Amino acid sequence: MTLEAGTPWPLGATLTEVGVNFAVFSAHATRIELCLYDRDGVRELARVALPAHTDGVWHGLLPGAGAGLVYGLRAHGPQDAARGHRFNPDKLLLDPYARRLTAAWRWSEAHLGDVHDSADRHVARDNARDMPKAVVERDVFDWGDDRPPRVPLADTVLYEVHVKGFTWRHPEVPADERGRFLGVASAPAIAHLRRLGVTAVTLLPVQQHLTEAGLARRGAHNYWGYNTLAFNVPDARFAARDAVLEFRTMVQRLHAAGIEVILDVVYNHTAESDQRGPTVSWRGLDNASWYRLRHEDARFYENHAGTGNSLDLSQPRVLQFVLDSLRYWVADMHVD
């Protein structure tokens, strides 16, 4: 398999007329590998380095590739925790710009790349079996005449809800739609919102998240979702089959009823937690760029959110990622 140079923009995996272009930011990596998988994300089919590097972005074009391509990333670079570098090519990484995933996250020791707090010892455990992979998307949803209700702020009545909590006990929401996006936009739920005079639902986190290790060990789950794994992926737990399709259908139905959709988003930290957390994406791609690290000891993270880490929005590419993600939810998913 041979990759062409492609372009360093847009970031992520982008369908073109001739194939799929991949562009991944990492200012400190020495090599970024593209790993291709079968449709189920189980068997690795090929692994090849992105051939070009422009202004901190590694990029390449895979000719003839199309929608449905399943992939992950591996990053090579210095393993020097004292300087903030935690590259570990044994870890399959999720593209930060992924818009669809193959499967749910599975906790395993393989996701942990370092030993205790020191992070000085590299652990050679491959986590690919337990990692969800990204899927290249083709946008085929028919939005019809969907448009934002644009209710004046002075007339706005916000109703903050959790997708599952709001729908689970409503006696008239169909049983197969309870706890799901389609339940929020079911006829009984919309009727209830309109009786209350609600003009906008504010959804607690709906971006794909993962449950923290401590909860998972106790057989518990992160109910609220403030632990984001993929900022551009609707959470699969709120869908019956296709989270992207069902999220868009929810937005379309709510808009038709004159109800705006607002998201509670969490761009101040990620699910990778502190130095003892899993390596799933940003830490492995370029820890020193993505996160705020302690000046006196870069092995450790600034923890402004009380969640283990803090994204470094003073870094232009990190700020770009947040803005790109916000634009995606507005332009492609039609949130208000």
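# Exercises on a predicted model

A nonpolar surface patch of about 350 Å² is formed by Val265, Leu313, Leu319, Leu323 and Leu326. The model is predicted.

## Exercise 1. A leucine in the patch

Solution. 
- Step 1. Buried requires under 20%, and exposed requires over 50%.
- Step 2. Leucine 323 is one of the residues that make the nonpolar patch.

## Exercise 2. A leucine in the core

Task: find which residues of the largest nonpolar core touch the most other members, and list the contacts of leucine 254.

Solution. 
- Step 1. The largest nonpolar core has 87 residues.
- Step 2. Leu34, Leu203, Phe247, Met250 and Leu254 touch the most other members.
- Step 3. Set aside residues up to four places away in sequence. Leucine 254 then touches Val184, Ala185, Ile190, Leu193, Val201, Ile259 and Val261.
- Step 4. In soluble globular proteins, nonpolar side chains tend to be buried together.

## Exercise 3. Histidine 255

Task: decide whether histidine 255 is buried or exposed, and name its contacts.

Solution. 
- Step 1. Histidine 255 lies in helix H5, residues 243–256.
- Step 2. Its relative accessibility is 7%, so histidine 255 counts as buried.
- Step 3. Leave out neighbours within four places in sequence. Histidine 255 contacts Asp146, Arg147, Pro148, Pro149, Glu260, Val261, His334 and Asp336.

## Exercise 4. Strand E12 and its partners

Task: work out which strands pair with E12, and in what sense.

Solution. 
- Step 1. E11 (residues 158–161) pairs with E12 in the parallel sense over 4 bridges. Here tyrosine 159 has valine 201 of E12 as its bridge partner.
- Step 2. E12 and E15 also run parallel, joined by 4 bridges. Threonine 202 has isoleucine 262 of E15 as its bridge partner.
- Step 3. Now check the faces of E12, residues 200–203. Ala200 and Thr202 are buried on one side, Val201 and Leu203 on the other. Both faces are covered.
- Step 4. Link back to the core. Leu203 is among the residues that touch the most other members, and Val201 is one of the contacts of leucine 254.

## Exercise 5. The start of the chain

Task: describe the bond between tryptophan 9 and proline 10, then the pairing of E1 and E2.

Solution. 
- Step 1. The peptide bond between tryptophan 9 and proline 10 is cis, with omega about -10 degrees.
- Step 2. Proline 10 belongs to the segment before E1.
- Step 3. E1 (residues 12–15) and E2 (residues 19–25) pair in the antiparallel sense over 4 bridges. Glycine 12 has alanine 23 in E2 as its bridge partner.
- Step 4. E1 and E2 form a hairpin, with 3 residues between them.

## Exercise 6. Positive phi

Solution. 
- Step 1. Most residues other than glycine have a negative phi, and most peptide bonds are trans.
- Step 2. Aspartate 55 has a positive phi of about 50 degrees.
- Step 3. Serine 273 has a positive phi near 60 degrees.

Conventions. Residues are numbered from 1 along each chain as its sequence is written. This is a predicted model: local features need pLDDT of at least 70, side-chain atom pairs count only at pLDDT 80 or more; totals for chains, interfaces and linings use all residues. Side-chain values use heavy atoms; hydrogens and water are left out. Helices (H or I, at least four residues) and strands (E, at least two) are DSSP runs, numbered from the N terminus. Buried means under 20% relative accessible area, exposed over 50%, partly exposed in between (1.4 Å probe, protein chains only). Contact means heavy atoms within 4.5 Å. A nonpolar core is a set of buried Ala, Val, Leu, Ile, Met, Phe, Trp, Tyr and Cys residues joined through side-chain atoms within 4.5 Å. Patches are made of residues with over 30% relative accessible area and no salt bridge: like charges are joined within 9 Å, nonpolar side chains (Val, Leu, Ile, Met, Phe, Trp, Tyr) within 5 Å. Accessible areas come from the Shrake-Rupley method with a 1.4 Å probe; for residues, only the protein chains shown count as cover. A salt bridge is a side-chain nitrogen of Lys or Arg within 4 Å of a carboxyl oxygen of Asp or Glu. Two strands pair if DSSP finds at least two bridges between them.
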